[in-house]
Structures are given as structure tokens and as C-alpha cells.
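Open the model in your viewer and keep the selection tool at hand. The stops below go one at a time.

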Amino acid sequence: MTSSFLLSAVTFIYLAVAVLYLCYFVFKVRFLGTLGTWVAVGGFALNTLGIILRWVESYQMGIGHAPLSNMYESLVFFAWTVILIYLLIEWKYGFKSIGAFATPFAFLSMAYASFSSVKSGIQPLIPALKSNWLIAHVMTCFLGYSAFAIACGISVMYMMKNRNGTERNNGLWNLMPASGTLDDICYRTVLVGFLMLTVGIITGAVWAHSAWGTYWSWDPKETWSLVTWLVYATLLHARFVRGWQGKRIAVLSIVGFACVIFTYFGVNFLLRGLHSYAT
Amino acid sequence: MSKITDFLASVKLTIMMLALLAATSIIGTVIPQQESYQDYARYYGEQTAALFYKLYLTDMYRAPWFVFLLALLAVNLLVCSIKRFPTTWRTYRAKPRMKPGDFANMSIRAEKTLKKLPDGAEEAIQGFMRKKIGKPQVVRFDNGTLFIAERGRWSRFGVYVVHLSVIIIFLGAIMGAVYGFKGMVNIAEGQTVDTIYLRGDSEPKKLDFSIRCDKFLVEFYPSGAPKEFRSDLTFQQNGQNELTAPVLVNHPVSYGGVTFYQSSYGKTMGGDAVIQVTQVAGGKTYDVSGKLDQEIVIPDNLGKIRIVDSREDVMNFGPAVKIQALEGMGKPIQFWVFKKQPPFVQRPEGPLQFDLKDLQETYYTGLQTNHDPGVWLVYTGFCLMILGLIIAFFFSHRLLWVQIRKRDQGWQIIMAGSSNKNKPGYERTFETWSPSILNPAGQEGVIT
């Protein structure tokens, strides 16, 4: 099938992107950064094409639906959103060093999707998933997840750049933006992620209400998404009103992303509930 | 008193509550909820299970302590918002600075001195400000002019919209819990019911209408995965068919304020039952057949019966139906009729003897039923929350002052900005504006 071939190619392209950004960051060769951006743009285009093709293929199989219905498809879409949001951040702020800490998430996601334990076949939709809310719910959730992933990457950068209040400008660290800038970009990214997660949870609730008659049933996935939401809400209040900045915000953002990871994977493997089809 | 209010209004409490709710919510994802005591005891041991019950951990999201945490968060949110609102209102009503000066204490600031003010400079600055931020107010003073423009003053209320939305969602949830109900009903094909079973209630609830399941359909993909579940329902009131509609997963149907959701299905013995009726005097036999709840007439005016229950197995003697003899047995009695009569069960005395010849399976549909008068409030809260977050996150109250002043060396242009949120972002925007404002009408002429 063409889409799966295309998407496995994208896996390697994203690996190249991550390596290019990392080499740019370590060896400080400007050209590598520029190349990284262009390869990322190319990979993103192919990723987009792969998703569209998979969509078309599902229609050719007579079971047409948006390719957002199982673990494999969500991983591919997650990679797509990571690159999308990263490129927007690079375009807006112009720091390519962030690429070294953001694009690996896209590669890891695609690499995990290629494991044989993740079924990559196009499956028909079970009745619960046949809803117009599917696209809105999955898209917003994953835009949120990937914004949080990048915010986590930036938080790690912050922790490296600023050691106990001292800014490190020598050697490895001089291509990183100033820690104040990292703090600001991280915070702005969390805002986007929080809005997207909120819309994701809300569309999920509205969908659940039309499918099961209850907009909130405290199933593990719902609860974990709420836990994630609460962690980021804590971060926002700490920052908005208590004026937290820097390291404490970075720590909260990393904790928040750990919750995202658990909501995404942990719940599927360790806990049971209504979202069982998402494995 | 004010100490308590201060505590209830504090953001410290907010942060504590958010973190506490996040941490405690996890418990219910690790301990399976609403299982039976036997299951907990088997899995965790008697003592742990008893402890779980003591701490309400088996149904923790409805536990008093968890509801208390939620209520405390709501109170905190409300008190905090009420306490802060007057300040925000005053800031909202406050006029921006109108006095000329050096704007020395502004963190976002740029200046330049031109030898000569180009023609049309004021108009160019005004036009630029109108385009980028808003129509400027003009203050003329002795040796110069001050322009003040602003946008997004209203965005200061975004956070209150978000907080209000949370309160509204809570109110909607409470309204649903108090005035609504959730229930279950299983209806076999062809069966008509007018009661549903409420969650946690053993007594069925009577509806003021009845529902007939005309047909249940389940389709599978070749892989064996389910493709479609569909129940064709007819809602009846006073014996009249009022509404016939299919119910599918994701496509519920509402009637009489109750919404019906396709939830499960199964097989039941509610299909056609074939009953052999034997006339005790004479030994003549008749085969009659019918479904659950149907009246069956025995030929030759011998009687009339109704099947009131049908089971796959009764007392380990296989399939049986419970019959109500309406006519023909002398008195209206109910009794079980078996395929294989158990030796210890007495047949009822009367002119007729009944035996079950065949009992067919049929599908039943499992419907989730729900009446939630709070859902519109919850959805209103959802919309407000999204709107409020967008305002709170991505709109800010931004001000821009541009002052032109005649000095000894020439014309000094000062531009200064302030923003209540995202200062670095405004600084970046400000930097893109400064060339156009400091070189009005495209003129260069720097001294300082």
C-alpha cells in the first residue's frame, strides 16, 4: 500500500530531521540547521500526503473514515502535529536549537508506530466511533498533546541553560535562546496546548453524551485527561497570579507531559475503560 | 471572618485544590470503581476491601470527601473572582495616562530626535496607530502632541468568563444529578415496555409512555468486529403510535423528555413459543404459538392465555414459559410450562393441560435511558470556557503612546507601550512598529 510505504519513509526522514537539528546544535554549523528545517518541511509534506492517501485508501476499501481511529493512526497524526507546531514556533521565534528538543518526539512517535505490536492495517469503524465528533475530538487532543510535548522539550532546554540561576552561555549552550526567552516560549506553547486539550476534552464529553448518554463517566482515560488538565491549570495559576517562572514552571511542564504520556499510553496498557479501542 | 474569606479567596488555595484534585483523581483510575464487595475482597483481601469501603474508594468520584474537594474549589473560584472583580472593573474604567512626559518608567519604550518634523508626520503617525492598534486620542500641549491608542480593554474579563464557565458546568452537573435520572431498559423484539430500571434502584420506574422494540439489528464486518447496532423503536401513548424511530450508537432518540441510547444487546427466549394444549377430557391436542406479552387464543373457544415470562432455563429443567390463563382454566392463574415437566412440579388442575413444544430465541436491545435537565447548562459552560480561554490567553489590553515634542535639538518622538499580558510578545510587535513611527512619512534625520 502506498500510504504505509510513504509513512515508513517519513519515519526515516524525521530521524534525519532530529539528527540534523541535534548536529546543528552541537557542532554549530548553520547549514545543518537550515537543512534540518527544509527536510522537516519535506517530511511534513510527505506525512500529510501519507495521511490523505490512507484516507483515500480507506474509501477504496469501502470502509471510508478519517485516519484517526486507532493507535497507529494516532501516532502518525501525533508526529504530524509535533512537526506542524514546531515549524510554527520556529517560524515565529526563529530558534532552530529548539528543533533538537522537539522533533525527536515526531521521530519516536513514528518509530513506535512501525512496531509490529501496533497494528497498521486500515480497520473499519466500530459503531461507537462512527461520529462526526471523531475528527474534532482527536485533532484537538493531539494538537494539545504535541504542544505539551514541545513545551516539555523547551523546559528541558531551560533546565540545561539555566543551572541554579546561572545562565550558561559557553560551549554547547550558546546556541540556545536565553532562559527568559525559553521560559516565555514554553509558557506560550502551554497556553496553546491547554486550549486544545480543553476543546479536546469538551468535544469528547459532547461525543460521549451522544454515544452513551453521559458526558462524563470518570472512565480512566477521561480521568487522566482531567488530571493532565488540572496539572496545567495549576501551572497557569502559579504563573498568572503567583508569578512563578523559570525552573518551577519547567518542572510543572515536564510533570504535565508525563501525565499526557500516561493518558495516551499508560491508560491503554495498564487500566481498562471505554477507550479500549484506542490500542 | 476576613481571615477565612482571605483564605477562601487565595490563589494558594486554588493551586492546592487543583493539585489535590489531580492527585486524588488518580486513585479511582487505579482501583476499579463500583465493583462488588466480593470482587474487591478476592483481589485485595478482606481487610483492604473493608478499608476501601470506609474511605469510599470503591465509588470515590461520588464520595463525600471528593465532592467536598470539588465544592471547595468552586467556592474558592467564586470568592476569589468576587474579591478581585472590583479591581478589574476599576482598571477597566480607568482612563489611560493623558499627561505628556518622558515615559521614563515604561519598560517598552523607544525614542528618536529628528532635526525637522517632516510634513504630514502627525497624520502618518495617527494613521499608522489607527491601523495597528486603534483610533488614537489626541492631547495637544504647549510644545507638542500626545497620541494615545489602545485595544483589548475588554479582554481583562476573559479570566472571569472562564471561572464563571466552571461554576456553570458544576451547576449543570448538580441539576442533572438532582432532577435527572439515568436508567437501563432491555426490550426484546416485539416486546412493549413502560418501565425502566434506574441506576442504583431496584424498583422499576414507570414511564408515562411505552416503548415497543419493532426490530433489533446487529451487523458484523467480515473480521467479526461489530459494524452496526440498530433498534427500531415505536413510542406509544394511550395505545397510539406516536413516534417510530431507529436508535443507533451515536444517534439517540428522545421522547417525552427521556433520551434512549443504543447500549447493548443480547439473546433472550422471548421469541415464538409453541405450546401444545391438551383437552384433559378427550385428549384432543392443539398447537398454539405466540410471543411474550401476546394474548393467544386457543381454538374451539377453549380459552385464552398470555405468556408473561420466558426463560432459557428454569430450575435446571430447560426452557420454560410462564403462562397466565385468562380464560378456560376456571380461574386466572399463572404457572410455568416446561418442555420436560419436572416431577415435583404440580400441573395446575383444570380442563386443559399445557406443554411447551418449542421456544425460540430472539434479540433484545439494551437501551441506556437518560433524562438530564442540566445538560444545556453544562454545554453553555463548555462554550463559555472555550471563549473565555481564548480571551484570557490570546487577547491582552495593549496601550500605545506616541508623543511629539519640540526640544532645543529638534523634534523628539517618544513611543511607549504597555500590555497587561504577554509583555515579550508586545515588545516584539512594538519593535516592528518603531521604525514606522520614529521615521514618520519615511523621513530620516537622526541626531541622537
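Start with chain A, which is divided into domain 1 (1-124) and domain 2 (126-279); these bounds come from an automatic or database domain assignment. This is a predicted model, in which local features need pLDDT of at least 70, side-chain atom pairs count only at pLDDT 80 or more, and totals for chains, interfaces and linings use all residues. Residues are numbered from 1 along each chain as its sequence is written, while chains are lettered from A and ligands numbered from 1 in the order in which they are written.

Colour the two domains of chain A separately. Their centres, taken over C-alpha atoms, are 19 Å apart. Between them, 23 residues of domain 1 contact 23 residues of domain 2 (contact: C-beta atoms, placed from the backbone, within 7 Å).

Next, select α1 (2-27), α3 (71-93) and α4 (99-113) of chain A, each of which supplies at least two residues of the domain 1 side. Helices here are DSSP runs of H or I with at least four residues, and strands are runs of E with at least two, numbered from the N terminus. α3(A) gives the most to that side, with 10 residues.

Chain B averages 89.

How values were computed: pLDDT = per-residue confidence, 0-100. Contact = placed C-beta atoms within 7 Å.
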